[in-house]
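Okay, everyone, thanks for coming. Let's have the structure up on the screen and walk through it together.

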Amino acid sequence: MNFKKLFTVATLSSVLALTACKDDKKAETTAAAQPAAQKIKVGVMSGPEHQVAEIAAKVAKEKYGLDVEFVEFNEYSLPNPAVSNGDLDINAMQHKPYLDKDSQEHGYKNLVIVGNTFVYPLAGYSKKIKNVSELQDGAIIAVPNDPSNLARALILLEKQGLIKLKDNTNLFATSLDIVENPKHLQIKEVDTSVAARALDDVDLAVVNNTYAGQVGLNTQEHGVFVEDKDSPYVNIIVAREDNKDSDAVKNFVKAYQTDEVYQEAVKYFKDGVVKGW
């Protein structure tokens with residue numbers, strides 16, 4: 001028996017095994033060094049705001065390797081509980097007065113603001129008039145019925161000289177706070193999502209930009225009057241206390257607050273959008 005040959009083969013086998021083991025460990029180390037793919041689930045309202053957010057997702061993927069999954073909603077009441085209970089990571093669909101009121105009413109104690117997006121001004125639209133001076137005595141005006149947008153609409157009507165409120169700094173005023181109504185206007189509270197579609201049945205409707213865009217309305221071409229661009233109602237990105245400092249959340253906010261996203265917003269909302277950052 002050629003022991004020298006056997007020793008050579010055994011040695012070669014050991015070297016190959018050791019090399020393979022080192023290669024496996026190297027591969028494991030390299031794999032471990034690679035950061036796990038970032039993913040984030042974001043709640044948005046259906047329509048133009050979702051289309052704008054898609055550009056933020058594109059920027060987030062290109063710049064930060066962040067995969068963004070959107071969940072679309074048609075009702076404002078749903079995204080906050082979804083973030084609070086962990087079904088969503090964040091949402092981008094509301095302003096602070098709405099968040100404050102919603103959290104107070106439903107006990108969301110873990111929701112926090114992590115960034116601003118845009119101011120989407122409310123506007124008054126009509127198929128019957130071009131100027132507020134044309135409103136007749138007893139005209140019907142539709143306003144959103146959710147607490148924060150209702151007050152916002154009433155404050156906007158006061159700025160047009162149509163009504164007077166007990167306190168025009170109260171961000172949760174209601175129709176009961178109207179102290180003067182010289183034209184005896186009929187203020188009709190309707191679901192925020194259908195205000196734009198009520199135009200055939202009312203003389204004027206105060207509409208949220210999200211829903212105005214869904215029916216082809218924009219402030220520049222169709223608005224009878226428009227909310228000032230210094231509005232405090234800047235839209236926000238909301239996360240939870242337990243994920244607000246995560247890289248995924250931070251990177252999405254940075255991706256949203258870019259010129260690419262702003263230009264997409266301008267395309268949809270024209271002069272009806274203002275940077276909030």
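Before the first sheet, one definition: two strands pair if DSSP finds at least two bridges between them. Helices (H or I, at least four residues) and strands (E, at least two) are DSSP runs, numbered from the N terminus. A bit of housekeeping too: this is a predicted model, where local features need pLDDT of at least 70 and side-chain atom pairs count only at pLDDT 80 or more, while totals for chains, interfaces and linings use all residues. Residues are numbered from 1 along each chain as its sequence is written, and side-chain values use heavy atoms, with hydrogens and water left out.

So, the five-stranded sheet. It's open, its order is β9-β6-β10-β5-β11, and the pairing is mixed. Which strands stand at the edges? They're β9 (186-190) and β11 (223-226); each has a single partner strand, so one side of each has no neighbour in the sheet. From one strand to the next, the twist averages 25°. (For angles here, axes are lines fitted to C-alpha atoms, for helices over the stretch in contact, and angles run from 0 to 180 degrees between N-to-C directions.) Look at β5 (residues 123-125) and β10 (residues 204-207): they run antiparallel and are joined by three bridges. If you want one to find on screen, G124 has V206 as its bridge partner in β10.

Packed on that sheet is helix α5 (residues 147-159), which touches β5, β6 (140-144), β9, β10 and β11. Touching, or contact, means heavy atoms within 4.5 Å. The direction of α5 makes about 140° with that of β6.

Now the other sheet. Six strands form it, also with mixed pairing, and this open sheet goes β2-β1-β3-β12-β4-β13. Its edges are β2 (66-73) and β13 (274-275), each with a single partner strand, so one side of each is left without a neighbour in the sheet. Strands β1 (residues 38-45) and β3 (residues 90-95) pair in the parallel sense over two bridges, and V42 has I90 as its bridge partner in β3.

Is H95 buried or exposed? Buried, with a relative accessible area of 4%; the cut-offs are under 20% for buried, over 50% for exposed and partly exposed in between, with a 1.4 Å probe and protein chains only. Leaving out residues up to four places away in sequence, H95 touches S148, N149, R152, Y233, V234, N235 and I236.

Helix α4 (residues 96-106) lies across β3, β4 (111-119) and β12 (234-240), at about 105° to β3. The buried residues of α4 are P97, Y98, L99, D102 and S103, and they pack against α3 (79-84), β3, β4, α5 and β12.

Then there's α8, which lies across β1, β2, β3, β4 and β12 and runs at about 55° to β1. Seven of the 10 residues of α8 are buried, so this helix is largely enclosed by the rest of the structure. Among them are F252 and V253.

Last stop: helix α2 (residues 48-64) packs with α8 (residues 247-256) at about 120°, their axes 8 Å apart. The contact involves V52, A53, A56, V59, A60 and Y64 of α2, plus N251, F252, K254, A255 and Y256 of α8. Okay, over to you for questions!
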